[in-house]
Amino acid sequence: NKLVPAQTFFKTNPEYFSLVKGKRQPSQLCLSNEAVYKLVVADLKQRMAKNPDAIYWSISPNDDNGYCECDACRATDREQGSPSGSLIKFVNRVANAFPDKLFTTLAYGYTQKAPRSLKPASNVFVFLSDIDAFRDKPLSEEGSAAAFRNGLKAWGELTGNIFIWDYVTQFTNYLAPFPNCSTLQPNIQYLKQHGVKGIFSQGSGDTYSEWAELKSYLLAKLYEDDKADVKKLTSEFFRDYYGKAAPYLQQYFDLLQEKMVASKRKLDIYGNPVNEWKSYLTPELLEQYSNLFDKAEGAVEGNPVMATRVMRARLPLEYTVFQQAKFYGIEKHGIFIKGNAGKWSVKPNLQEKVTQFVANCKKAGVTELSEAGPARTPDEYLAEWNSIFKKGVTPSLALDAKVSLQNPFAEDYPAKGNRTLIDGNPGYLDYSYNWLCFYGVPMIATIDLGKATKISGVRMHFLDDPRHWIFLPENINVELSADGTSYHSVAEFKSAFVSEHYDAAVKEFASKTISQTARYIRVTATNLKSLPEWRYRDGKKPMIACDEIFVQ
């Protein structure tokens with residue numbers, strides 16, 4: 001998109017772009033189009049003149065799907081057994097126009113699979129991504145890295161110019177505890193053994209993330225000497241960087257790693273600290289970790305430099321506590337507490353703690369909490385929390401009732417299982433917790449209140465988040481029953497189709513006043529039959545997400 005911008009050319013020359021399902025789309029370029037080749041060469045000449053010291057020039061697909069299916073591109077891809085065929089053919093041609101320059105291209109997403117026989121030119125470097133691999137085990141043995149290992153072997157048979165695009169943080173939650181340091185050395189050694197010429201370790205960039213200083217230090221040392229003593233390097237770093245706080249931070253570092261390994265949970269670069277509430281980030285373990293930080297802070301009291309460093313190191317732990325508080329909601333370890341009069345209120349000092357956390361984030365250089373998504377900046381995060389405090393708790397007769405589902409929820413996002421719909425905790429803009437998701441099937445949820453109850457209304461929230469293929473239901477039907485057999489409808493909703501957008505929003509659906517007595521409430525939410533054209537992706541189905549069914 002930088003070399004041939006869709007904003008500039010798509011309206012006037014749609015033929016420059018991908019033919020997808022019979023229609024031109026600005027998702028990628030048509031790499032067999034002669035005009036596209038000439039535009040890229042012309043653009044590169046201008047860039048090279050302005051940047052004479054640049055070593056590598058990237059010619060890579062956009063971070064998107066939708067590769068070209070025109071006759072010419074498809075013929076090359078079929079011959080080579082992968083969409084990387086038309087990519088390498090195009091990149092080689094451009095590289096041939098600049099024989100004194102070096103070029104990189106991405107083997108990532110739909111281009112990860114190597115061509116059958118088409119070799120990259122001698123001045124072309126293939127940047128192979130290992131994005132699909134979990135990080136709790138080394139790349140050499142992690143099951144989810146099998147495709148990457150196969151790709152490394154296949155590309156290695158075509159070229160000796162291979163770079164690796166590696167990932168060393170949790171992009172959905174930069175501050176989340178992400179105990180992957182034990183895999184850094186074996187991964188570097190494995191890649192070196194397989195002839196890789198360079199590694200790009202993508203962390204959190206300009207913003208701060210968990211152990212950013214330590215991970216940068218270890219990576220630099222291991223790139224210098226992949227056989228270096230990591231335990232010694234780590235110990236020396238803690239001693240030199242954290243002073244008298246080092247013993248306690250080292251204990252925390254080791255304990256977290258130990259508990260993660262023992263849990264046998266997958267370490268996902270797109271994970272969430274909330275999802276580990278039953279593994280290595282339980283409330284009990286968080287308290288142990290917190291006690292170690294208390295000791296660390298006490299050890300450097302009076303030393304402002306060391307105290308600031310310890311404060312930065314503690315941010316991931318505090319972030320986890322706050323994120324999990326949203327998950328627990330009105331339960332123990334949650335946001336709200338019920339007083340003697342039965343009235344809900346925010347837990348004492350919680351608002352002050354959140355405000356101080358945000359202030360510390362700014363002081364620590366945190367500019368973004370995630371790569372993308374809601375509440376990215378510290379100020380947005382504080383605004384989200386203030387909104388939660390202001391809204392308070394919505395009462396519901398369905399609280400902790402029995403829920404049965406006709407179709408299974410999506411296993412990747414389990415939240416609290418069926419109980420998610422009646423735990424009293426609304427969802428926010430992050431689909432990965434507090435939302436029960438249904439992938440390609442309708443949500444048919446039946447709530448049993450346990451006895452005949454006078455009902456005045458039913459309301460619920462659904463998430464609209466097309467960026468993650470989550471859409472509002474096509475239809476929602478609310479039914480009541482006295483016996484669980486005979487149901488009658490009391491409310492129906494139909495979502496208006498919306499045009500292309502990628503912003504997340506929570507939509508409430510509320511019935512009019514009902515004033516009926518029933519024991520059972522059945523909510524049927526129908527998923528889209530297919531993905532809209534503007535968000536189509538092979539192998540994907542639409543998903544719906546419901547956070548709570550409130551019964552008044």
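Student: Ala, Val, Leu, Ile, Met, Phe, Trp, Tyr, Cys and Pro count as nonpolar, Asp, Glu, Lys and Arg as charged, and the others, Gly among them, as polar. How do the residues lining the largest cavity divide, then?

Tutor: They divide into five nonpolar, three polar and two charged residues. Keep in mind that this is a predicted model, in which local features need pLDDT of at least 70 and side-chain atom pairs count only at pLDDT 80 or more, while totals for chains, interfaces and linings use all residues. Residues are numbered from 1 along each chain as its sequence is written, and side-chain values use heavy atoms, with hydrogens and water left out.

Student: What counts as a cavity here, and how many of 30 Å³ or more are there?

Tutor: On a 1 Å grid over the protein atoms alone, a cavity is a set of points where a 1.4 Å probe fits but cannot get out, whereas a pocket is an open set with protein on both sides within 12 Å along at least five of seven lines; lining residues have an atom within 4 Å of a point. The count of cavities of 30 Å³ or more comes to two, where a volume is the space filled by probe spheres set on the points, joined across faces, edges and corners.

Student: Which residues line the largest cavity?

Tutor: Its lining consists of Gln 112, Ser 129, Asp 130, Ile 131, Asp 132, Ala 133, Ser 144, Ala 145, Ala 147 and Phe 148, and they surround a volume of about 50 Å³.

Student: And what lines the second largest cavity?

Tutor: That cavity holds about 40 Å³ of space, and its lining is made up of Phe 178, Pro 179, Asn 180, Cys 181, Glu 210, Trp 211, Phe 253, Leu 256 and Gln 257. Helix α9 (residues 246-263) supplies the largest share of this lining, three residues, and the division is six nonpolar, two polar and one charged. Helices (H or I, at least four residues) and strands (E, at least two) are DSSP runs, numbered from the N terminus.

Student: Switching to pockets, what volume does the second largest pocket have?

Tutor: Its volume is about 690 Å³. It is lined by 24 residues, of which Val 321, Phe 322, His 333, Leu 350 and Lys 353 are the closest to its centre.

Student: Which helix gives the most to that lining?

Tutor: α11 does, with nine residues, and α10 (283-299), α11 (304-328) and α12 (350-363) each contribute at least two. By residue class, the lining of this pocket has ten nonpolar, seven polar and seven charged members.

Student: Okay, strands now: in what order do the five strands of the open sheet run?

Tutor: The order is β3-β4-β5-β6-β7, and the pairing is parallel, with two strands counted as paired if DSSP finds at least two bridges between them. β3 (56-58) and β7 (198-202) are the edge strands, each pairing on one side only. Between β3 and β4 (residues 102-107) there are three bridges in the parallel sense, and Trp 57 has Phe 103 of β4 as its bridge partner.

Student: What about β17, in which sense does it pair with β12 and over how many bridges?

Tutor: β12 (residues 443-455) and β17 (residues 516-526) are antiparallel over nine bridges, and Ile 444 sits opposite Thr 524 of β17. β17 also pairs with β14 (residues 475-481), in the antiparallel sense over seven bridges, where Ser 481 faces Tyr 520 of β17.
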